[in-house]
Amino acid sequence: MVTLVEGERAPDGVAAEPVATPPALRACAAYGGEPESIAAARWFTADFLARGQADHGVPVSSHTVGVARLVVSELVTNACKYAPGPCSVDLELAGAELRITVWDTSPVLPIARAAEPGRVGQHGLELVLAQCEGFDVRREPIGKRIRVRIAVEP
């Protein structure tokens, strides 16, 4: 019997046993959009990653926790600052990847500006893009969803 990695196909005539992929860990939190939401979202993210490590044995480095907290902080800050009302954070830990999705009520898509060392503020999206493996923004019937992917380092 041959054990296959997900997506591989067994050669003709060879019996194969697929490898079971562990289920992704997910958690979601909703916030009212107040300034306190930013710190709460950072705490939620750190706690989620700590529970992934303690309860499920997913190795997560302190560097990954710091990057995830920074990204969530920047995205939720933008949601609280530019979108009226609530926002949510959805976290999914799947294999060596953390997916962070932030929803807010504003349909306005964020625009990454060119780096300007003299500019004060408005560097949040630059920081997010520099830390992520992938970035996607989609308008929703109400608001938008920003989804980023971060590599999880053990």
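Biologist: Is Ala-68 buried or exposed?
Modeller: In this predicted model, Ala-68 has a relative accessible area of 0%. The limit for a buried residue is under 20%. Because its value is 0%, Ala-68 counts as buried.

Biologist: Which helix holds Ala-68?
Modeller: The protein chain has three helices and seven strands, in the order β-β-β-α-α-β-β-α-β-β along the sequence. Ala-68 is found in helix 2.

Biologist: Which residues is Ala-68 in contact with, leaving aside its neighbours within four places in sequence?
Modeller: Contact here requires heavy atoms within 4.5 Å. With the sequence neighbours set aside, the residues in contact with Ala-68 are Thr-45, Leu-49, Leu-98, Ile-100 and Ile-150.

Biologist: What separates the C-alpha atoms of Ala-68 and Arg-99?
Modeller: Ala-68 and Arg-99 lie 31 residues apart along the chain.

Biologist: What is the reach of helix 2 from its first C-alpha to its last?
Modeller: Helix 2 has 21 residues, for which 30 Å is expected at 1.5 Å a residue. The modelled span is close to that expectation, at 30 Å.

Biologist: What covers the buried residues of helix 2?
Modeller: The buried residues of helix 2 include Thr-64, Val-67, Ala-68, Val-71 and Val-76. Also buried in helix 2 are Ser-73 and Glu-74, among others. Their cover includes helix 1, strand 4, strand 5, helix 3 and strand 7.

Biologist: Which residues touch the most other members of the largest nonpolar core?
Modeller: In soluble globular proteins, nonpolar side chains tend to be buried together. The largest nonpolar core here has 33 residues. Those touching the most other members are Val-71, Val-76, Leu-98 and Ile-100.

Biologist: Which element supplies the largest share of this core?
Modeller: Strand 3 (25-31), helix 1 (36-56), helix 2 (62-82), strand 4 (87-94), strand 5 (97-104), helix 3 (124-131) and strand 7 (144-151) each supply at least two of its residues. The largest share is eight residues, and it comes from helix 2.

Biologist: Where sequence neighbours within four places are left aside, which residues is Leu-98 in contact with?
Modeller: Leu-98 is one of the core residues that touch the most other members. Apart from those neighbours, the contacts of Leu-98 are Phe-48, Leu-49, Ala-68, Leu-91, Glu-92, Leu-93, Val-148, Arg-149, Ile-150 and Val-152.

Biologist: What percentage of the 154 residues in the protein chain is buried?
Modeller: The accessible surface of the protein chain is about 9,000 Å², with 56% of it belonging to carbon and sulfur atoms. Of the 154 residues in the chain, the buried share is 38%.

Methods: Residues numbered from 1 in each chain as written. Predicted model: local features only at pLDDT ≥ 70, side-chain atom pairs only at ≥ 80, totals over all residues. Heavy atoms only, no water. Core = buried A, V, L, I, M, F, W, Y, C linked by side-chain atoms within 4.5 Å. Buried < 20%, exposed > 50% of the residue type's maximum accessible area, 1.4 Å probe, protein only. Helix = DSSP H or I, 4+ residues; strand = E, 2+ residues; numbered from the N terminus. Areas by Shrake-Rupley, 256 points an atom, 1.4 Å probe, with all protein chains shown as cover. Expected span 1.5 Å × (residues − 1).
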